[in-house]
Amino acid sequence: EWPETGRLALYLLGLRATCPLPEPGPQRLLVTWLKYYLEEDWAGSRRHGHPLTSYYQYSLGVLALCVHRKRVREEVIHRLLAAEHHGKFRHAGVSTVDTEAVAALAFTCLERERLVGSRLAGELRAARRRVRRRMVEAQDPDGFFGNVYSTPWAMQVFIATNMCRTQPAYGRAMAALLENLDAFTTAATMAQVLPVLHGRSYLDIASMRCQEEPDTLMPFSAEPPAEMLGNMTVRLVVECPKPRCPQHRLYDRTVPAPAGASLLDVLRAAAMQGPPNFTFVTQDTPQGPFLSRVLGMEARQQQRSYWQLLTAPGTSLQMGVADYRPHDGETLILRLSEW
């Protein structure tokens with residue numbers, strides 16, 4: 001089966017943060033599985049020079065093991081260092097801030113918890129400085145590092161390295177974040193931004209003193225959002241590159257949907273209207289539903305392909321299918337792409 005590196009890493013981070021009862025048996029087993037996944041993640045794709053999943057998931061695995069104060073083989077760490085040094089934390093030719101940030105957090109944790117020797121610790125510090133410098137240089141005019149969702153990851157790096165008070169880029173990012181908190185609607189994205197709002201990073205989980213944690217969790221019931229009245233029409237286009245698809249444009253039709261509907265709702269509406277029949281499949285992930293198959297064509301991680309979500313003429317969406325809410329008259333493009 002495909003390694004569950006990222007999912008298990010996030011679970012172990014969350015488990016440590018909840019201060020579980022001291023029952024080391026099951027937790028030790030999960031840590032062992034994560035170590036196994038890290039090895040499988042890499043060994044299965046040696047000829048390609050990258051993990052089977054992604055450097056993002058691979059970095060999450062190293063970070064989770066470090067937070068649990070578990071040593072990893074130096075070769076595992078050197079793989080990440082080599083990827084950073086050779087600029088492999090990229091997607092479609094563009095540097096990915098979230099991957100760089102998670103790797104930098106892992107580097108910082110390994111050094112802080114003294115899980116590596118002094119020479120390797122020096123290499124980790126140098127890599128972390130390079131990552132942090134690139135983040136500052138890549139900050140956009142709106143204050144985001146990459147986009148609204150990768151910004152909390154980058155800010156955690158500044159917090160973990162005690163640079164948030166002295167780095168002006170951090171203040172600009174915080175201002176941008178506070179103006180866009182309504183973008184964080186899933187449990188996974190909320191989990192990334194909440195520590196930042198309290199001046200913390202995931203590295204603070206490692207130093208929690210669980211016996212002193214008060215039981216302050218209170219149930220919260222939010223009022224359901226007011227329903228938006230009316231309807232809208234969205235143009236839905238499905239594209240597949242040549243030569244795989246000689247026709248290139250596989251679907252092009254207007255789809256009526258309720259005002260305020262998500263992109264996922266629009267896809268469901270398209271599947272109901274036919275012909276031509278529109279079909280799609282999603283997979284559940286920690287970040288919400290992931291579009292895996294459209295019109296019978298599957299995006300496969302082994303082939304480094306995915307269904308890219310765009311709004312015409314070619315702006316990539318920064319949200320998933322369940323989060324993005326199109327507006328009336330908008331053209332949405334589902335494009336089978338490689339990464």
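Tutor: Buried means under 20% relative accessible area, exposed means over 50%, and partly exposed lies in between, with a 1.4 Å probe and protein chains only. This is a predicted model, in which local features need pLDDT of at least 70, side-chain atom pairs count only at pLDDT 80 or more, and totals for chains, interfaces and linings use all residues. Residues are numbered from 1 along each chain as its sequence is written, and side-chain values use heavy atoms, with hydrogens and water left out.

Student: Which residues are buried in α4?

Tutor: Helices (H or I, at least four residues) and strands (E, at least two) are DSSP runs, numbered from the N terminus. In α4 the buried residues are V76, I77, R79, L80, L81, A83 and E84.

Student: What should α4 span, at 1.5 Å a residue?

Tutor: The expected span of a helix is 1.5 Å times one less than its number of residues. Helix α4 covers residues 74-85, 12 residues, so it should span 16 Å; its end C-alpha atoms are 16 Å apart, which agrees. Just after α4, G87 has a positive phi of about 65°.

Student: Where does R114 lie, and what is its phi?

Tutor: R114 is in the loop between α5 (97-112) and α6 (118-138). Its phi is near 55°, a positive value in a residue other than glycine. R114 is exposed, at a relative accessible area of 69%.

Student: Is L295 buried, exposed or partly exposed?

Tutor: L295 counts as partly exposed, at 24% relative accessibility. The loop that holds L295 runs between β6 (288-294) and β7 (297-298). L295 is not a glycine, yet its phi is positive, about 50°.

Student: What is the strand order in the open sheet of five strands?

Tutor: Strands of a sheet pair through backbone hydrogen bonds, either parallel or antiparallel. Two strands count as paired if DSSP finds at least two bridges between them. Here the order is β4-β3-β10-β8-β9, with mixed pairing. β4 (249-258) and β9 are at the edges with a single partner strand each, so one side of each has no neighbour in the sheet.

Student: How do β8 and β9 pair?

Tutor: The two are antiparallel, over two bridges. T311 stands opposite T315 in β9. The loop between β8 (305-311) and β9 (315-316) contains P313, and the peptide bond from A312 to P313 is cis, with omega near 5°.
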